[in-house]
Amino acid sequence: MQTKGHSRNFIYTDWILIETQFDPDQLHSKETVFTIGNGYLGTKGSFEEGYPHALPATFIHGVYDDVPVVYTELANCPDWLPLVVIVNGESPLETLRERFRLDQGKILRYDRQLDLRYGLLSRYLRWRSPSGKTIDINFERFASFADQHVLVQRCHLTPVDFDGVIEVQGSINGYPENQGFNHWEGLDQGKTDQGIWLQRRTRHSRIELGMGATMRISGTEASLQVSTAPGYPTLSMTYLAKSKQTVTVEKIVTVFTSRETETPVSAATEKLAHLPDYATLLKANEQAWDEVWQQSDILIEGDSTAAFAVRYNLFQLLIAGSRHDDKVSIPAKTLSGFGYRGHIFWDTEIFMLPFFLFTQSAIARNLLSYRWHTLPGARRKASHYGYKGAMFAWESADTGDEVTPRWALGNDFYGEDVRIWCRDREIHINADIPYAAWNYWQATGDDEWMQQRGAEIILDAAIFWGSRVEFNSERQQYEIRGVIGVDEYHEFVHNNAFTNRMAQWHLEKAIAVYDWLAQKFPERATELEEKLKLTPQERSHWQDIIAKILFLHEPLTELIEQFEGFFQLEDINLADYQGRDRSMQAILGIEKTNKYQVIKQPDILMLLYLMRESADFPYNEKALQTNWDYYAPRTDITYGSSLGPAVHAILASDLGKSSEAYEVFMQALMVDLEDNRGNTSDGIHGATAGGVWQAVIFGFGGIQLTENGPVANSHLPDGWTRLKFKLHWRGKWHDFDLRKGQVAQDITRQLEYLHLSLSPNPPNFPSEASEHQTSPPASPASPAPSSPSSPHSPIPNP
Ligand code: BGC
């Protein structure tokens, strides 16, 4: 195999991640890095044979269960991986039984590979047992992309220097744990003709799970034995191995839960009974992946690290996005770790969703439908806090009720617990979700979804803002007080520019959607008016808010104040803290950080980024330059939030700061591959992966979405000679093949998009999308005029 390059922790080819040495100190982070999945479940890269302190985990979308303090979490599901190899002496009667394990004996060869193209995880090992028997073992596994209920393992065994008895045991471990907590109670287990099955149920949410497994052997004769140790059914095969002769064992597992069928066990055993052989399963899996990569791949030439690592990040998104279930969404740590307990944040809509929207729009639709299904929870939250409409949870799980823990443990034994205020105050998510829903509609023209689901999300969340704003009669302006903005280093602030402008933007779109609905789907409009108690007064209230919401903006310089009083806080020079390895909040403490002009992640710059595409207020080139100059040096970009670097990369790229853009881009790109924040063991940074896609497409590719389709104004980083990708936009595929030095768009061909049913004339869309675009990129639309000179001026009505 031709390797393409290496980084601190790994080597790679175009598609394959290779680890050539096992380092027990990196056990947990590598379990995350080698996660596989298929949009239904994710399984960490733990070893088949186990390892002391390993944390194997399989998370199935939507399988949440109650837990103290954090309310609910994704339950670690029964472990389908155990595949144990025991090397015996020359006769079955010999008592020396040596179980293959990496913490004993000698590792003579070690090679773990993740093939991103087909989601295959394999290991090639040469191991010498403590008594001196040498054996080659090659494991392979995948979670089928062709059939999400099928999980496949294979193991080649070749004794190098001995003949003897080998036993292979394949099990299902019904005792998985979430950091010491077991969510499952046993219901039943049993055996079939060729296999075993296990039936478990979560203790509180009472989700039933059925798992079946079978094992086959080729290259020798061996009979199958079944042992049904409670909660740990096991299949075993014993055979007489000959030196240098390879025997192959296949273990196939099926899994269903009561979220998909009333009878998970019979669904699992039924499927198991009718499965084809390994080669056929592998082929189907490969075909399914081929289709997906055909649409979602990004090809980069001239920078092999970026070329591989971008694919790695896309792979992690692809295995996390649910393709068949619209009642689930992607947790912040995807399905790859215990971090954030499988809770869902704005990370999904703002960071991950664009990748799906432009390359796998059916998944984007599922992700947004999840929010529609969780509206009842969002309504309960609003009413709990005394507001109207829908108030989306900062951290959401199965019902949409708020599941952000109220308290976190402090760092020292005698310290106080820390109150987490995001649940009460980080309300910008209420505009972020509508922002994503609106963009989905704009990009797809999916009127059906908008009238059925999107409109309800946008309108009910708008009603919340109507009740959340306060009118300040002295100022004659609306305010939003007592919030946490995107920058979580400041916890109780008034008139955070991001929150106020996003709320205003949201209300503008809510009116547009309301009017569109009334015109195109009057019955649905009436239905929603009744259901949401939407009145003409409410609509004019929204208009009033749009006109009079406070926005702290200096029109002459375009400098925006992050929140009221930010400029009065003590300034800080982050260069004075060079060489640190922790966030500023970890260094200064929560209280003190609140008092400084140091921010955790882009907030004003995030706002400019979100408004950049449509060149909406306050985005303009001068605003970008001014606010970058002010805020970038005050942002804790390397140690604050992992969501920051990709956003900085895009804006720095816009500003022509090419090397700075590339430097922060690499921080985002390598966050998990190099574990550069030290927390990859908690799971993949899903938002960062989504940010990487946006940085490549919108930053380096310079994609702008015009009425005539996407156009590129690329700024490829040094070394990149080619950047090739596809975007789906308003019913057509647009191919980009950008070479260094090209300025205009380079659309090589466009394909009809056959899978989406589009209305002939979606609102505001050109009646026909052009086949080939030749015009140069549109210059950014003129920004809305700035309002008169007050430093605390309201946003003009764009
Ligand atoms: C960030 C949030 C993010 C959350 C989950 C926090 O550290 O500040 O913006 O939503 O992590 O990734």
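This is a predicted model: local features need pLDDT of at least 70, side-chain atom pairs count only at pLDDT 80 or more; totals for chains, interfaces and linings use all residues.
View 1. Residues are numbered from 1 along each chain as its sequence is written, and side-chain values use heavy atoms, with hydrogens and water left out.

**View 2. Polar side chains at the ligand's oxygen atoms.** Asp347 places a polar side-chain atom 2.5 Å from an oxygen atom of the ligand. For Lys600, the distance from a polar side-chain atom to a ligand oxygen is 2.8 Å. For Glu488, it is 3.0 Å. Taken alone, the ligand exposes 310 Å², and the protein buries 90% of that. Accessible areas come from the Shrake-Rupley method with a 1.4 Å probe; for residues, only the protein chains shown count as cover.

**View 3. Glu19 and its two salt bridges.** Lys30 forms a salt bridge with Glu19, with the closest N and O atoms 3.3 Å apart. Lys30 sits in helix H1 (residues 27–33) and Glu19 in strand E3 (residues 16–19), 11 residues apart. Lys30 and Glu19 are both buried. Glu19 also meets Arg112 in a salt bridge, at 2.8 Å from N to O. Arg112 lies in strand E11 (residues 106–115) and Glu19 in strand E3, so this pair ties together parts that are 93 residues apart in sequence. Arg112 is buried, as is Glu19. A salt bridge is a side-chain nitrogen of Lys or Arg within 4 Å of a carboxyl oxygen of Asp or Glu. Buried means under 20% relative accessible area, exposed over 50%, and partly exposed in between (1.4 Å probe, protein chains only). Helices (H or I, at least four residues) and strands (E, at least two) are DSSP runs, numbered from the N terminus.

View 4. Glu456 and Lys531 form a salt bridge, their closest N and O atoms being 2.8 Å apart. Glu456 lies in helix H10 (residues 447–468) and Lys531 in helix H12 (residues 522–532), so the pair ties together parts that are 75 residues apart in sequence. Glu456 is buried, with a relative accessible area of 2%. Lys531 is partly exposed, at 47%. Shared partners join Arg379, Glu456, Asp460, Arg524, Glu527 and Lys531 into one network of salt bridges. The whole structure holds 45 salt bridges.

**View 5. An open sheet of 3 strands.** The strands run in the order E4-E5-E6, with antiparallel pairing. Strands E4 (36–37) and E6 (58–60) are the edges, and each pairs on one side only. Strand E5 (residues 41–43) pairs with E6 over 3 bridges. Leu41 stands opposite Ile60 in E6. Two strands pair if DSSP finds at least two bridges between them.

**View 6. Ala615 in a loop.** Ala615 lies between helix H16 (604–612) and helix H17 (621–631). Ala615 counts as buried, at 6% relative accessibility.

Note on methods
A polar contact is a pair of N or O atoms within 3.5 Å; within protein, one must be able to donate a hydrogen and the other to accept it, and residues adjacent in sequence count only if both atoms are side-chain atoms.
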